[in-house]
2 protein chains.
Amino acid sequence: MSAKRYLFTPGPTPVPPEVLSALAEPVVHHRGPDYRALFGECLERLRAVYRTAGDVLVFTSSGTGAMESAVANLCSPGDRVVVVSAGAFGERWRALATAYGADVQAVEYEWGETPRAEDLAAKLEDAGGAKAVFLTHSETSTGVVADVQALAAAAKGSGALVVVDAVSSLGAVPLETDAWGLDVVASGSQKALMTPPGIGLVSVSEAAYAALGSSPRFYFDWERTRAGQAKLDSAFTPAVSLVRGLDVALGLLLEEGLEAAFDRHVRLGRACREGAKAMGLELFSPDEDRSAVVTAIRAPDGIDATELVRGLRDRFGITIANGQSTLKGKIFRIGHIGYFDVFDITTALAAVELVLADLGAEIERGVAVTRALEAYEERARV
Amino acid sequence: MSAKRYLFTPGPTPVPPEVLSALAEPVVHHRGPDYRALFGECLERLRAVYRTAGDVLVFTSSGTGAMESAVANLCSPGDRVVVVSAGAFGERWRALATAYGADVQAVEYEWGETPRAEDLAAKLEDAGGAKAVFLTHSETSTGVVADVQALAAAAKGSGALVVVDAVSSLGAVPLETDAWGLDVVASGSQKALMTPPGIGLVSVSEAAYAALGSSPRFYFDWERTRAGQAKLDSAFTPAVSLVRGLDVALGLLLEEGLEAAFDRHVRLGRACREGAKAMGLELFSPDEDRSAVVTAIRAPDGIDATELVRGLRDRFGITIANGQSTLKGKIFRIGHIGYFDVFDITTALAAVELVLADLGAEIERGVAVTRALEAYEERARV
């Protein structure tokens with residue numbers, strides 16, 4: 001028997017069998033009625049997941065492509081923008097805005113800190129306002145989920161457009177595109193939307209369409225994409241197989257119900273944290289229900305997280321994530337986004353426990369799995 | 001029984017069952033050893049298909065994304081470039097270069113004409129040279145396959161970089177990246193590479209890397225992508241399922257052998273043309289072996305090609321392509337790229353014959369299929 005594989009990273013994430021089998025269906029032409037019906041349904045479902053009455057534009061790209069579309073369409077060289085950064089994906093906004101020649105002001109935190117709306121408000125006041133504020137909802141590198149509603153309110157108060165990276169959060173934790181006044185929300189297929197990577201998504205408000213900048217763009221041009229989608233068409237040949245898979249996955253998510261999915265993620269996060277703490281590990285990500293996307297855990301004293309990651313992979317075919325950048329080797333991250341249930345958490349914890357013990361870590365044996373199962377059953381506190 | 005579907009457009013094209021089933025395999029992490037082995041094999045196979053010892057960069061995008069990468073990486077605002085345009089995809093080069101602020105000089109032909117190397121040489125001499133020349137190998141909108149080797153020689157003679165759109169040609173008709181001195185060759189997964197749409201490809205010569213321009217770019221940045229691939233990594237989460245499918249498809253293509261595949265496409269094109277002529281139709285694309293990718297045929301007098309396309313679709317689940325732009329309704333196009341054999345051609349011809357007859361066209365009945373089968377068996381003349 002070939003070894004089983006377990007994908008417990010914060011993306012790409014496991015894909016349900018219904019979605020995998022949809023990917024294997026014959027390719028249809030993207031301008032025929034079969035695809036138009038499928039694409040129309042998919043766009044409707046995306047609006048429901050985004051909780052917006054506006055457009056959700058679909059690109060064949062990674063989540064970074066969707067993020068770049070926001071910068072390329074909104075930022076002209078010299079435009080002042082504010083980036084809130086507390087990890088690798090905040091830094092990605094900064095790198096993107098810098099590549100397009102924006103005047104980038106940063107509200108900067110140590111990796112692992114949680115951004116505060118008052119810091120953003122103060123920066124915007126100091127700077128005399130900004131065209132746009134770039135936020136990260138779920139900072140996948142640290143496990144922190146920011147209070148985007150409060151941050152957005154601070155940005156709106158200054159008249160700035162609000163642009164949110166919700167790549168790893170959309171469909172896992174509450175996000176209200178319209179009710180929170182989020183002008184642009186970028187996401188991707190490969191996290192809570194339970195589809196293989198390859199589709200980048202971006203919602204665009206009318207205010208954002210009214211504020212288009214002068215940077216060169218073609219493939220990621222919003223107006224061209226919007227005009228195509230208005231006719232259930234695509235400006236360029238779309239990834240028809242991935243769109244078919246995404247449509248099935250969105251159907252599964254909406255069938256479960258967004259609120260039920262959010263509750264499940266809260267309980268998955270709690271199970272993961274409680275199990276880790278029960279074996280004596282120290283959390284790096286906040287010990288709070290909002291941190292429901294990925295759990296970051298400090299490597300025990302004397303243990304290199306890289307060896308844990310390698311041990312899990314080589315002995316058990318289990319993939320978790322190492323820390324990124326300066327956190328490499330210091331933390332490890334267990335993703336629980338999308339197609340996850342509590343037994344994925346207990347599998348991850350049981351294997352982590354075993355490999356850590358074999359590496360010589362002083363941890364408590366035999367309690368993590370039971371504690372995780374208990375925590376999963378407790379009522380959500382959010 | 002649900003109606004069968006036949007995809008006879010010039011892209012996306014039919015996908016072999018081995019490739020479809022690879023798409024349905026569980027998603028693996030793009031930084032783990034399973035994926036690295038797969039990606040390394042895929043890159044090796046791409047080099048073989050491109051006939052290059054250099055890099056083939058892999059993007060999650062349509063073919064247009066790969067084309068944009070060439071413009072974004074090479075063109076600074078004001079750079080003089082020459083676009084050779086004889087159809088919709090030549091126009092795409094012009095639109096891309098214009099979007100990036102290049103000084104675009106065009107060698108322009110009527111749609112359906114075949115570009116001539118001497119016209120390009122004259123334009124380059126008039127213009128006093130150019131940084132780059134943008135060519136279209138297979139102009140999918142008209143069925144013309146240009147003599148890229150001769151055009152490239154003319155461009156090289158002036159010192160310009162040679163950039164080729166080979167989206168619908170790579171793997172179907174001969175293309176020698178290194179031997180012909182092609183600096184950049186853009187392609188995509190969804191044509192002769194027999195994979196669903198979603199992967200954009202671009203080979204980049206050392207001369208092209210040495211000539212990078214100043215336009216803003218991030219997602220399509222060549223240096224970032226090249227640095228990732230040097231470690232069998234990807235700068236951004238790749239479309240792992242599509243890469244797996246592409247690897248299987250490239251294996252099938254190389255197993256057949258590139259020369260055998262080229263010969264098959266020549267014979268498919270000949271079968272399609274001879275069958276069409278046998279029923280009394282007039283070709284729009286050239287009646288020559290190089291035109292082996294898509295056959296463009298004039299709608300008979302008094303017949304709107306749009307009605308033919310709709311009739312094939314609604315009655316038989318067969319998708320062919322209408323003319324684009326001003327050719328809409330005037331021509332129809334049968335693609336025969338990639339996973340095609342002669343019975344796809346005979347099916348297309350038989351159905352076209354039936355629907356045209358029912359639309360009242362004066363065509364010869366009962367001869368096209370037999371003539372196509374005969375023509376397919378004749379030895380290739382190239």
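**Labels and their grounds**

Trainee: Why is B:Leu151 called buried?
Mentor: This is a predicted model, and the term rests on a count within it. B:Leu151 has 25 other C-beta atoms within 10 Å; the label requires 20 or more, and therefore B:Leu151 is buried.

Trainee: Where does B:Leu151 lie, and which residues does B:Leu151 touch?
Mentor: B:Leu151 belongs to helix α6 of chain B, residues 148-157. Leaving aside residues up to four places away in sequence, B:Leu151 touches B:Val84, B:Pro115, B:Ala117, B:Leu120, B:Leu135 and B:Ala146. Contact here is a matter of C-beta atoms within 7 Å. As for B:Pro77, 74 residues apart from B:Leu151 along the chain, the two C-alpha atoms are separated by 25 Å.

Trainee: Why are β2 and β4 of chain A called edge strands?
Mentor: The strand order in chain A is β2-β10-β9-β8-β5-β3-β4, an open sheet of 7 strands with mixed pairing. β2 (55-60) and β4 (103-108) each pair on one side only, and are its edge strands. From one strand to the next the twist averages 20°.

Trainee: Which helices of chain A lie on these strands?
Mentor: Among them is helix α2 (residues 33-50), which lies across β2, β9 and β10 (199-204) and runs at about 115° to β2(A). Helix α4 (residues 88-99) packs on the sheet and touches β3 (80-85), β4, β5 (132-136) and β8; its direction makes about 160° with that of β3(A).

Trainee: How is chain A divided into domains, and how many residues form the contact?
Mentor: Domain 1 spans 17-255 and domain 2 spans 257-377. Their contact takes 23 residues from domain 1 and 21 residues from domain 2. The domain 1 side has 12 nonpolar, 10 polar and 1 charged residues. The C-alpha centres of the two domains lie 28 Å apart.

Trainee: What makes the relation between the chains that of a two-fold rotation axis?
Mentor: Chain B can be laid on chain A with an RMSD of 0.0 Å by a turn of 180° and a shift of 0.0 Å along the axis. The copies are thus related as by a two-fold rotation axis.

Trainee: How do you know that the copies meet through the same surface?
Mentor: The interface residues of chain B are, to 100%, also interface residues in chain A, so the surface is the same. In number, 46 residues of chain B are in contact with 46 residues of chain A. α3(B) gives the most to the chain B side, with 4 residues. By class, that side has 24 nonpolar, 18 polar and 4 charged residues.

Methods:
Residues numbered from 1 in each chain as written. Chains lettered and ligands numbered in written order. Predicted model: local features only at pLDDT ≥ 70, side-chain atom pairs only at ≥ 80, totals over all residues. Least-squares fit on C-alpha atoms with pLDDT ≥ 70 in both. Contact = placed C-beta atoms within 7 Å. Domains from an automatic or database assignment. Nonpolar A, V, L, I, M, F, W, Y, C, P; charged D, E, K, R; others polar. Pairing = 2+ DSSP bridges. Helix = DSSP H or I, 4+ residues; strand = E, 2+ residues; numbered from the N terminus. Axes fitted to C-alpha atoms, helices over the stretch in contact; angles between N-to-C directions. Buried ≥ 20, exposed ≤ 12 C-beta atoms within 10 Å, placed from the backbone.
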